[in-house]
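Please look over the sequence and the model first, and then follow the sections below.

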Amino acid sequence: MMMMEDGWTQLGSTVAAIVFFWTMYQNHFPDELHNQIKKFTKKLASYFYPYIKITFPESDGENWLDSQRAFHAIERYLGFHSSTQAKCLKAKVLNESEAVILSMDDREEVTDEFNGVKLWWKSNCQIRNSQSISLYPGEDVKRSFVLTFHQKHRDIVTESYLKHVLEEGKDIALRQRKRKLFSNTRRDDGCYKLWSHVVFEHPASFETLAMEGKKKKEIIDDLVTFSKSKEYYAKIGKAWKRGYLLYGPPGTGKSTMIAAMANFLNYDVYDLELTAVKDNSELRRLLINTSSKSIVVIEDIDCSLDLAGRRGKKAEEDSEDEEEEGNKANVKEIVKEMKNKDEKSNKLTLSGLLNCIDGLWSTCGEERLFVFTTNYVEKLDPALIRRGRMDKHIELSYCCFESFEVLARNYWNLESHELFPTIQELLGKTKMTPADVAENLMPKSADDDASVCLERLIKAIETEKEEARLKAEEEKRAKAENEENLEDGKENKQENVEKC
Ligand SMILES: Nc1ncnc2c1ncn2[C@@H]1O[C@H](COP(=O)(O)OP(=O)(O)OP(=O)(O)O)[C@@H](O)[C@H]1O
């Protein structure tokens, strides 16, 4: 009992002595000495514990959006790299993408290595005091990642490692997401949301796309080069975007190619319906709201408003009128006036579209492809499809034998067949779209096998060939009749003149 009392007395006097010296130190020691002592204690501490800790909170007050982005990038990075190390993992099923994402569970620790440097990550989780009011989303649970590393690696961590983690985390998130197909169509009730989306799940790939191998390879190479050219585009001072014009008859695979491109590059698709766009500013808003790594598609651009033909067609019509009046010089003025009128009434105009594709507005967002499709390339305004806007023009044409071979492989796993030579000969002489060939290769009943389908295809090509022959004959006859009538008309005119 006596011993315990002595102990307490001793402790009391030690605490009193410490408080006394601390007050003396605070009040009577000069500032310079303060700083020296501080430095010395820090040095002493770092000698015993030479590690640095950096905390990455999930939400950080006003900067919650930026800190959330960084936090989620780190979460994806650690989830991806630590799934083999961490004993406790958390699985998150993302609603929209239906993908299962693994991440480190709370208070788990994993190690990482970067250029020979060892680093330690720990995930923390704190439940906030229920009485305190949170101003920012997710503030009731405070989660954070803590990175620990030796102080001698400070430079490599701050200059390279953190950048590497954030970029790779973003990349992993992009790879793990399910891609989306966005559209801007107005609803029947008049409501309009800039973009609505569904999960993009088109099975098309370049492997299943029927076209000549050389052409296909050229397109694939072009896409690969584009997707790896971030630095190059920055160096030459151009927005990181590329335009593709796909043209050809209906059913030759234009839409299929867009799906194959999106799957190949892992991009989202924005299906831009121009007829649903009210004016230029709405088009701008739509394009500003597209994300990077995406394809903006305008299908059948020739049918989308009067845009495609406006400058050509209208100018021609007006030119005819003016010619009658003998005032050809005014044509340009009229076209200019019409354009100004449209600009002033703030409609969707060709120049508005051109501005969005490669004007100042096109630089909002990067790594984007613009793809236009048309069945009638000759109808399009040259300004719309000039190189630089539509950098690559790709013709999708009727089915050749090489394309047929791809379809035969797709539909029947066929590399060769005794009917192939007949089909090769027929396809060389007939125009049949890949869509029609594919339709004939599809089994129509349970009894259909490859031979049945190939024979059906042969019949279909022969029918097509015969129809084309009849059509050509009909056209020839009509042309001859026309010429005859013209001749007759001329003769009658001559007779009348003579009579007069
Ligand atoms: N080159 C092709 N390779 C593989 N399948 C094709 C090809 N072309 C057409 N098809 C088949 O035909 C169907 C229609 O093709 P698609 O819609 O891509 O043609 P399109 O050229 O876009 O037609 P449209 O001009 O009418 O929009 C596709 O679902 C696909 O099954």
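How many bridges join strand S4 to strand S5, and in which sense do the two strands run?

The model described here is a predicted one. In this model, strand S4, which covers residues 109–114, is joined by six bridges to strand S5, which covers residues 117–127, and the two strands run antiparallel. One of the pairs that can be picked out in the structure is that of Glu113 with Lys118, its bridge partner in S5.

S4 and S5 together form a hairpin in which two residues lie between the strands. Asn115, which is in the turn, has a positive phi of about 50 degrees.

## From the hairpin to the sheet

S5 is also joined to strand S6 (residues 141–150), here by eight bridges, and these strands run antiparallel. Within this pairing, Trp120 has Thr148 of S6 as its bridge partner. S6 in turn pairs with S1 over seven bridges, again in the antiparallel sense, and Ile52 stands opposite Phe149 in S6.

Taken together, the four strands make an open sheet in the order S1-S6-S5-S4, with antiparallel pairing. The edge strands are S1, residues 51–57, and S4, each of which pairs on one side only. From one strand to the next, the twist averages 25 degrees. As a general point, the side chains in a regular strand alternate between the two faces of the sheet.

## The helix across the sheet

Helix H3, made up of residues 64–82, lies across S1, S4, S5 and S6, and its direction is at about 115 degrees to S1. This helix has 19 residues and reaches 25 Å from its first C-alpha to its last, which is close to the 27 Å expected at 1.5 Å a residue.

Which residues of H3 are buried? Among them are Ala70, Phe71, Ala73, Ile74, Tyr77, Leu78 and His81, and the list also includes Glu75 and Arg76. In general, an α-helix has 3.6 residues a turn, so residues three or four places apart point the same way.

## A pair of crossing helices

Elsewhere in the chain numbering, the axes of helix H15 (residues 434–441) and helix H16 (residues 450–499) come within 8 Å and cross at roughly 140 degrees. H15 and H16 are therefore oblique to each other, and their crossing is right-handed.

Where the two helices meet, H15 contributes Asp436, Val437, Asn440 and Leu441, while H16 contributes Cys453, Arg456, Leu457 and Ala460.

How values were computed: Residues numbered from 1 in each chain as written. Predicted model: local features only at pLDDT ≥ 70, side-chain atom pairs only at ≥ 80, totals over all residues. Expected span 1.5 Å × (residues − 1). Buried ≥ 20, exposed ≤ 12 C-beta atoms within 10 Å, placed from the backbone. Pairing = 2+ DSSP bridges. Axes fitted to C-alpha atoms, helices over the stretch in contact; angles between N-to-C directions. Parallel < 35°, antiparallel > 145°, perpendicular 65-115°, else oblique. Left-handed = near helix turned anticlockwise from the far one by under 90°. Contact = placed C-beta atoms within 7 Å.
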